[in-house]
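Welcome! Have a look at the sequence and the 3D view, then try the exercises below before reading each solution.

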Amino acid sequence: MTAKATTSATFEQDVLKADGPVLVDFWAEWCGPCRMVSPVLDQIQQENADKITVVKLNVDENPDLAMQYQITSIPAMKVFKDGEVATTIIGAKPKPALEQDLAAFLK
């Protein structure tokens, strides 16, 4: 299972109105660290499908959302809960570090 893509058109439904926490991976095709962290996020999604949803947002294709959420460097991940940003994670990290950052949502 891989993370689902979201866009400006589907963001409200996929993220803001979702039941439970949603991790949005802000990424771009040309970003090497983004490509490194992507399979790690897929693993976390697979292992915690009942606790958190992971979606990907291409910042080149959706610059309005990147600007709205003040994405200045990628990879950037934001966890949304009840339509609000609950936490922000910047940069590619190994799985244990990401799981630690997400611990509150993976209980």
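## Rings and strands

At 1% relative accessibility, Phe80 is buried (under 20% relative accessible area; exposed is over 50%, partly exposed in between, with a 1.4 Å probe and protein chains only). This is a predicted model, in which local features need pLDDT of at least 70 and side-chain atom pairs pLDDT 80 or more, while totals for chains, interfaces and linings use all residues. Residues are numbered from 1 along each chain as its sequence is written, and side-chain values use heavy atoms, leaving out hydrogens and water.

**Exercise 1.** Describe how Phe11 and Phe80 pair.

*Solution.* Start with the rule: rings of Phe, Tyr and Trp (its six-membered ring) pair if their centres lie within 6.5 Å; planes under 30 degrees apart are stacked, over 60 edge-to-face, and the rest tilted. The structure holds four aromatic pairs. In one of them, the centres of Phe11 and Phe80 are 5.6 Å apart with 85° between the planes, an edge-to-face arrangement. Next, locate the partners: Phe11 is in helix α1 (residues 11-16) and Phe80 in strand β4 (residues 76-81), so the pair ties together parts 69 residues apart in sequence. Helices (H or I, at least four residues) and strands (E, at least two) are DSSP runs, numbered from the N terminus. Finally, check Phe11 itself: with 3% relative accessibility, Phe11 counts as buried.

**Exercise 2.** Work out how the rings of Phe26 and Tyr69 are arranged.

*Solution.* The ring centres of Phe26 and Tyr69 are 6.4 Å apart and the planes meet at 45°, so this pair is tilted. Phe26 belongs to strand β2 (residues 22-27) and Tyr69 to the loop between α3 (63-68) and β4, 43 residues apart. Phe26 has 0% relative accessibility and counts as buried; Tyr69, at 14%, counts as buried too. Now put the rings together: ring pairs link Phe11, Phe26, Tyr69 and Phe80 into a cluster.

**Exercise 3.** In what order do the five strands form the open sheet?

*Solution.* The order is β1-β3-β2-β4-β5, with mixed pairing (two strands pair if DSSP finds at least two bridges between them). β1 (4-6) and β5 (84-90) stand at the edges with a single partner strand each, so one side of each has no neighbour in the sheet. Then look at β2 and strand β3 (residues 53-58): they run parallel, joined by six bridges. Leu57 in β3 is the bridge partner of Phe26, the residue that also takes part in the ring cluster.
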